[in-house]
Structure formats: structure tokens, C-alpha cells
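Please open the model in your viewer and keep the sequence panel beside it.

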Amino acid sequence: MSNIARAFENGKAFIPFITCGDPDLETTAEIVKAMSENGADLIELGIPFSDPTAEGPVIQEANIRALAGGVTTDKIFEFVRKLRNEVKTPMVFMTYANVVFSYGSEKFISTCADIGIDGLILPDIPLEERGEFAPICKKYGLDLIPLVAPTSADRIAMIAKESDGFTYVVSSLGVTGVRSEITTDIGAMVRIIRENTRKPCAVGFGISTPQQARDMAQCADGVIVGSAIVKLAAQFGKDAAKPIGEYVRSMKQAIADL
Amino acid sequence: MIKSKGRFGVHGGQYIPETLMNAVIELESAYNFYKNDPAFNKELETLFNEYAGRPSLLYYAEKMTKDLGGAKIYLKREDLNHTGAHKINNVLGQALLAKKMGKTRLIAETGAGQHGVATATAAALMGMECVVFMGEEDTKRQALNVYKMRLLGAEVVPVKSGTATLKDAVSEAMREWTSRISDTHYCLGSVMGPHPFPTIVRDFQAVISKEIKEQMLKKEGRLPDAVLACVGGGSNAIGSFYHFINDKEVRLIGCEAAGRGIDTFETAATINTGRLGIFHGMKSYFCQDKYGQIAPVYSISAGLDYPGVGPEHAYLYDIGRAEYVAITDDEAVNAFEYLSKTEGIIPAIESAHALAYAMKTAPQMDEEKIIVVTLSGRGDKDCAAIARYRGEDIYE
């Protein structure tokens, strides 16, 4: 069983996201530890990219802050290698195709495996381009987590069949960011996914409140929260670990009994 | 596993969020139908001829030829098209296609504003809603074009993210498209982005080389020895090259913006200085750092100020079919002034990059050789900026 599968064994999974190096890697280390201690089942670590086309303003700005602080792929690899001694929670990288490709896809993916990263989320790699990265991920035992969107329609089944780790269900049209309301029929998407794979699925994009997390977790195996956490990182800067830890605890509690 | 589509050698593909995949699949199937539909082609030809003013002239620049003393120089006058640039060819094609697909709203990115103005024009003509994304920096540099777009009924959204220039306008237009797909067509302005855009835009721009070929055979009874065009994303260049790709004796020369020089960081010469990467939906050459972060690029020409290049150009470069040279700001400004004084034609600063290379290469060629330079647009929009470059403090 992969580490990612294990993340879904403790009830509904809560999956927080943070951009590495926002505002510096020391703070990111504290935040990741706080997430792990407060019930995060899987942690999504963002490697910043200069032009993140799938992100809304909150995560775009985090990318800019992190890059301005001088963080690089190599520094993030070293950071995770050290962090892995203390944090055992499964971790995946979320980044853009060019960050992986320009590093050398095989070198990037083999390094991920070496430092204890369990999977990869690449929002600009749809099913059509998956063949460029999936065989390398397989070779090194990393899960390449696919995304399905509200517009996927007849593609949901095809994507779910190829799923590794879990299927990332994009809750709404548009980019990442807090939303007051999610109107997509998530239940219907999840039903098609479950008909086509035994791997779990988690919902992300737009979730910020415990109630939204609970609503989403009713129909899926986990929830992913990014922008709401990155907002706290922006607000509290170097002191963000404590409020983020508290937030993660409240979110995990909201879905724990489901 | 599904196969990757829209490849030019290793370049191209569809590196976009899943949310957009069905939209580009729908676009591809509509395009594959309509490109072979005689009624669609007739309608587009009528728009080209009766609205945009095609065919554009192939003009023998006799004074320039004599002055430079070498190859005979012809200018393909895309600057004479309605809205003043080649951009209208692609926009009329895409707007008509979008309309056939039942879309009621066009969105577009723009750098200098030429593609934005062309899109706003087509939207006005066809009764469609139009939103144009433009880097905030560019809205200041090109205030007149912002006004024109509004006059034509479009909404202009200033983009503040990143470097607030063309690449950020593309990113923002893509973000907007992911949030509203059902009634909206993204009218991409160059031969870039995910498949099928590089192919669709090329096909609509290929009218340029189709006309050059016919006009040249009529005037000279033979093909030209070289075709020159400026390259940012590369739409006027691929349009100028396309029907000559199989005529191996015709040299194809793309002229990139070197900015302050290809040995500086202030450059936008992607093929000369970039390396293979994945961005804005395609694999191609990009200006980027060691870790794949996209570089802030620079050129005096807002229309060439883009860190990537269309995938078909990257491929033509790889196989050695086309050459790509770099022209500095200084050389382009000199050519801008030279053509104005010599032929009475004020070229766009983008097109002046191709002219600058013609000025270098024509004198080294025999008198019986013939070169064609595509004048992709007219230079009215650039006058104030060039005056400032020369130290004259004028504003439009």
C-alpha cells in the first residue's frame, strides 16, 4: 500500500496546502509540523512557479513572495529531506510542468522519491500529456495524482481509470481561491469516479469553512484546502504556524465523525 | 493511455488544466468541420476581401532597393489591412468560427493592443460581447489602443499580476476562460498556446504566403529567394512562411527582438537565448532561468515582448528549415526611421525588426536575388514611443 493510500485510512482525509518558502523555508517547516500535529492526513507542498495559471490571486501572491525570498527547487529538496526526519505524514508536491521538466523530469522525480515525497500534482498536465510523466513516476514509486473538473463530463471515467494515489476533484470552474458557494454536483462526479477506480478521491478548490469541508466530505474521501491557509500565511508571516495549526485542527474535527 | 495531440516535432501539445480540455476538444472538432465547409470558407473570404481589404499589396520598394544596392526588396503590406495589422486575418477567422459554435462572447489577450483592437472590431461587427486582457504596464504605454477597444464596445481589463505585460495578459485570459467556458471563446492572438490554436491561427494567417506566392509569380515569374518576418509568438511569420515551407530554395528568416542585446537580460529573443520548456499550454522554447521560472523579457516592441515562441517555429528551427536572427532595439528604430524617409511608409516597430535584417542582408546579395519582407503592421501606434526613444518628449 502506498503512503497516500494510508492517508485515507484515518476517516475522511484532511489535506492542507502550503507554498514552500512563503515567506521563508524555516516558517514553512514550522507550518508543516503544525499541520502534521493537528491532524493533517496528507500535506500538499507547493513549489512556487513564476506564472501559475491555475491559481487565483491568493496563491499567485504566495508564489511571488516565495520566489522573491530566493527559494529554488534545490533548496526545497534539501528542506524536505531534513523535514522528513521529523514529519511522517504523507507529502506530495504541487507544481507546474515546467518546474519538473526544466529540472530534468527523471532527475526531479527520482529526487522526490529519494527525499520521501509520495506523489505529484501537476495542474497543467491533463490526461493527454500524462504519458510524458506517468511512466517515470511509476518507475520511482511516486503517485501522479490526476485532476477531474466540473467540465470533464465523459472524461471523468477515463481519468479515474488511470488514477494513481487519489483523484483530485476540482469543485468549481475557474482558478483556486475561497468561494462562498460551491454549486457543482460533486456527488455525481464522485459516483462516476468510484465506478471506475478503487482509489480514493478528494475535493479541492474554493473550500474554506468547516461547514463546506463537512459538505464536501459527505460525498468524497477527503477535502483539500489551499487558499484559506495561504491567506493565514500571508496575514501572520513568520508567526503563521500556530494559527494554521489551529485551523487544520478545526477542519479535521469538522469531518472526523463522517 | 490517450496520445498527445498537436505536435510539431517535440513541440506543441496541450499542457492545460483539465477544466479547459473539453473546450479545446470542442474547438478542434468544430474547426475540423468548418475548415472543409465551402460555405464557411466563402463567408470568410468575403470578410477578408470586402471588410479587411484583402488581398494586401505586394509592393516593390524600388527606392530602398536602389539605396541599399543588392537584392530586390518587396514589401508585403499587411499594414494596409483594416485595423492596421495582420492580426485581423486570424481574428475574423476565429470570430466566425466561434459564432458558428454558438459562442456569444470573445475574450482575448493583447500586448501592444493590435490583437485587442482587432478582436474588439470583429466582436462589434458580429454582435458579440468582448473582454480584452492587457497588462497594466501596456495599458499605460498604449493608451490610445485602450480607448479604441472601448470605443468598439469592448471591456478592457488591466492585468496587474506578474510583470503586468503580455505574458500576464495571456495567463489572465486563460484563467478567465477556465471560469466561463460555455458561452465564451478565447480568441488567442498568435500561433501559440495549446493545440489546436497554433494550427488554427496558422491556417488563418497562411493567406499571407498564399498571396505572396501568387503575386510574386505574376510580377517576377518566379519564387522569392528569401521571406523575412518578425517573430514574437510568430503569427505573421508563420503566415508568411507557410506556403513556402515545401519550396526548399526559399530561405525563411524570422527576426526576433534582441532588446538591448542577446548577451543582456533585457531581451525577448526566445530562439536565440531560450531553452526547451512547457508554458502557456505548449512545449516550445522559452526564456527562463535554471529552475524553469519564466524570465521577465524586454523589447522596445510591446508586440514582441513575449518569453515564448510558437511551437511550429521551434520545430522549423530544429529541422533547419527556417533561420532566426536577433535584431536590437537600436537596429529596429533605425529601420523604422529609414523606411519612413525612404519609401514614405511608417512601419510598426515589430515589423521594423524584419526590415532591419533586410537592410543588413540585401546589400550582401546579388541584384538578381529577390527578398520579401512582411510589413505586419503600420507604425502610427509607435510614433510617440520612438520619439521618446530619440529624446523628444511627446505623448499621444
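A salt bridge is here a side-chain nitrogen of Lys or Arg within 4 Å of a carboxyl oxygen of Asp or Glu. This is a predicted model, in which local features need pLDDT of at least 70, side-chain atom pairs count only at pLDDT 80 or more, and totals for chains, interfaces and linings use all residues. Residues are numbered from 1 along each chain as its sequence is written, chains are lettered from A in the order in which they are written, and side-chain values use heavy atoms, with hydrogens and water left out.

Begin by selecting both chains: four salt bridges are counted between chain A and chain B. Zoom in on one of them, where the side chains of Glu132(A) and Lys283(B) meet at 2.6 Å, N to O.

Next, select residues 105–110 of chain B, which form strand E5 (strands are DSSP runs of E, at least two residues, and helices runs of H or I, at least four, numbered from the N terminus). Six of its six residues are buried, so E5(B) is largely enclosed by the rest of the structure; buried means under 20% relative accessible area, with a 1.4 Å probe and protein chains only. Arg105(B), Ile107(B) and Glu109(B) lie on one side, and Leu106(B), Ala108(B) and Thr110(B) on the other.

Methods
Buried < 20%, exposed > 50% of the residue type's maximum accessible area, 1.4 Å probe, protein only.
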